[in-house]
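Thanks for coming. I'll take a few minutes to walk through one protein model, a piece at a time. Please look at the structure on the screen while I talk.

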Amino acid sequence: MSIALPFIVFVLLAGIAAYHRLRLPVWAALTAAALVACALLGANVVAVVLVAVITALIAVPLLVPAIRLPYITKPLLGFYTKILPPLSDTERVALEAGTVGFEGELFSGRPDWKVLLDQPAPTLTAEEQAFLDGPCEELCAMTNDWDITHVRADLPPEMWEFIKKNRFFGMIVPKEYGGLGFSALANHKVIQKLASISSVVSSTVGVPNSLGPAELIMHYGTEEQKDHYLPRLADGREVPCFALTGPWAGSDATSIPDFGIVCMGEWNGANVVGVKLTFDKRYITLAPVATLIGMAFRMYDPDGILGDTRDIGISLALLPRDTDGVNVGRRHFPLNSPFQNGPLDGREVFIPLSQLIGGEAQAGKGWQMLVEVLSIGRSITLPSTASGGGKMGAIATGAYARIRKQFGLSIGRFEGVQEALARIAGNAYTISALSESTAAAVARGENPAVPSTIAKYHCTEMGRQVAQDAMDIHGGKGIILGPKNYLGRSWQASPIAITVEGANIMTRSLMIFGQGAILCHPWVLKEMKAAMMPEGPEQVREFDRNLFGHIGFAISNAVRSLWFGVTGASVGTAPGDAYTRRYYRKLNRYSAALALCADTSMLLLGGKLKFKESLSGRLGDVLSQLYIASALLKRYEDQSRPEADQPLLAWSILNAVHKIELALSDALRNFPVRPVGWLLWALIFPIGRRATPPGDRLSRRAASLLMVPNEARDRLAEGIYLTPTEHNPAGRINSFLAAVVLAEPVERKFLKAMKNSDIEALTFPEQLDEGVREGWITADERGQLQALREMTIEAISVDDFDTEELRSAGYKAEPEFELLDAREHAIS
């Protein structure tokens, strides 16, 4: 033992120092003191001296700048510059555009949860709440989604007028320009509520308040542009659209072939400098009705009219619809969701430089402008739409599963249905937390590049899962379209959100980790900037600071990953209460694992990592689920830790943790350098994978919350339109739930009495009358059961149509088909 003791002390102190991220001088001093103590306690002198030499060989070169800088740092700087992946101008702009919030802590391997928990709970102003309770509620009440999607393929004129009059298009426009001046949180709440009744209405309102002319003019426009356009956009005199995507450039927006040539031309009777635009755009929301078109194009100056630069770069312009040469094409029809959407094109359309957003000073800066506002749009519109649809799907499906009976039981009592209900409940709860978290970040003044991408991808994917599970539970009720159907259009339209604002496959495999690994990492971007500094002593010193900070960071995460893996993250300090502390510990573990895998991947693969899309996607999944879980915990804390919500929180956290382990497992099993993958597995999963998906018992608890009135269900339903109006069938079914639950004991008593009697061949009203006469039920209970039957019939009823109602306007059937129709009617 006397021989082994110094080595044990050395390893133990090194591990403790790495785990707690003690500085190198502190570790060296502690080790020296411990070795002296070992010698005094009788440890083998040779062993003590050997460990002291090892400690000195590590500490001295690293602690003495005269040795470290020229002999260690400088050669490593040369090696680093060789493996550093080249950054294009567009990549550099994208990295520098966003801000880093709590997601940076998740990349640290040791999150400071105080940063998250100290963020103020998101709240609306009195004015914003009044708008939700007033004009927004009224707009929902005006909405007849079947009329919009099937009859008109558009909003009715009175809805367009109401939207404009009440400045729904100007929610983000400052009050001094006639807008509502609402926060991002209020924007989120409005879109969420509208989406719960109609995705067409939410899209129509959402796009002008997302990426579009108003947002761009507010941030970059000239004073003249602000004074002229913002008031007109706020009150609806101008309806905006933004033309970015074309046939040859979708997710790769920097490759747009649309171009503008600087030249002289005529504008309003004067000969001025401008650009001739040639463009071909498609999938442009609101294009068919837009009066003001935002346009992205590449700007060239072949004659040097503006200076020596010939390829000026991506630029943004404002085109009035009536500009000569602008052609607004016929409408697209995206999956039976007839929000206004269509193509635009033009050839040599002349506009003056004053129509560039920001004027001539912003020429060539369009990509930076887009990147800076894209994350804001991604943070709000699509996640909020998914939240509104997901919440309504959860509330309506829970009520339907309680009302609808098969084999004498509510279908929600069957375990197979409960599995789907639990997924609906957990995903709706998660979408709500995630969408509100990113909206709150924007409201705090952040530009959350990485969280917005996470929110867009995962909210839309979970929204699709909610729609699928809801359709499965509703069965025939869900697939028969008509005024009584509140699911079909959501199911049809779910791929639209998956596709727009960057296709989800590309978002997952390229953007989340690709951007997060550099932007959120505490050292990588600093090292890259140091490596790109002019050569000299200052460059070496700056690189030295960041390099050895990064090395210590990597060693710490390796040690922390191993410790958490061995202990199952069951020990250690963590915030939260007795119920949630275990979840914070789990996230600490996977934060360290993510940082370790990210560092190893970037070190070994360098620039090739951007082409390893499967690895990037899996590590992006880890980062995403960490962020999602942190949003869930923040929501729980902001709502004062409601005990009733614990099944939803537990289901959602366990689901996230299970996905993290699956993603890490797939990443390590397929790591490009196999021995390194084995080593990482030993550090992260030293006793194997232990996370499991939510169990059956927890799933039953989560599912049951949707099928009975309770405070957790009410909280989940907050912010959606549940008023039981004629054109809100989901709201009507939800309104039945309390009465259905109260009537069930009476129904069971009545059915048992009927089964034990010899009464047959009576209608339901006659059966009720007989039950009263026989004393099985009272007159009041008869009324309950009659009301229950009527509510059940409304809940399960579907629509039917005459053949002519389903035919396109103007369609004329061939004579033989008319004959067949006549015969079918005669037979029926």
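Why is helix α21, residues 524-531, described as largely enclosed by the rest of the structure? Six of its eight residues are buried, so the rest of the structure largely encloses the helix. Before I go on, a caution: this is a predicted model.

Back to α21. Its buried residues are Val 524, Leu 525, Glu 527, Met 528, Ala 530 and Ala 531. As for the cover over them, it includes α4 (65-83), α20 (504-519), α22 (537-567) and α23.

Now the protein as a whole. The chain has 828 residues, and 53% of them count as buried. Its secondary structure comes to 33 helices and nine strands. Along the principal axes, the C-alpha trace spans about 105 × 85 × 55 Å.

Next, some helix pairs. Two packed helices are described by the angle between their axes and the distance between the axes.

Helix α23 runs over residues 581-605 and helix α26 over 674-684; their axes come within 11 Å and cross at roughly 165 degrees. The two helices are therefore roughly antiparallel to each other. The crossing is right-handed. On the α23 side, the residues in the contact are Arg 589, Ala 593, Leu 596, Cys 597, Thr 600 and Leu 604, and they meet Val 676, Leu 680, Leu 683 and Ile 684 in α26. Sorted by class, that contact has eight nonpolar residues, one polar and one charged.

The second pair is α24, residues 613-638, with α25, residues 646-669. These pack at an angle of about 165 degrees, with the axes 9 Å apart. That makes α24 roughly antiparallel to α25. Here the crossing is left-handed. Among the α24 residues in this contact are Leu 615, Val 622, Leu 626, Leu 633 and Tyr 636, while the α25 residues include Leu 649, Ile 653, Ile 660 and Leu 664. By class, the contact divides into 15 nonpolar, three polar and four charged residues.

Pro 213, Ala 214, Ile 217 and Met 218 in α13 meet Gln 225, Lys 226, Tyr 229, Leu 230 and Leu 233 in α14. The class count is seven nonpolar, one polar and one charged.

Where does Asp 145 lie? Asp 145 is in helix α9, residues 145-152. Which residues is Asp 145 in contact with, leaving aside its neighbours within four places in sequence? Those are Ile 197, Ser 198 and Arg 489. Compare that with Val 64, which is 81 residues from Asp 145 along the chain: the C-alpha atoms of these two are separated by 73 Å.

That is what I have for today.

Key. Residues numbered from 1 in each chain as written. Predicted model: local features only at pLDDT ≥ 70, side-chain atom pairs only at ≥ 80, totals over all residues. Heavy atoms only, no water. Axes fitted to C-alpha atoms, helices over the stretch in contact; angles between N-to-C directions. Helix = DSSP H or I, 4+ residues; strand = E, 2+ residues; numbered from the N terminus. Parallel < 35°, antiparallel > 145°, perpendicular 65-115°, else oblique. Left-handed = near helix turned anticlockwise from the far one by under 90°. Contact = heavy atoms within 4.5 Å. Nonpolar A, V, L, I, M, F, W, Y, C, P; charged D, E, K, R; others polar. Buried < 20%, exposed > 50% of the residue type's maximum accessible area, 1.4 Å probe, protein only.
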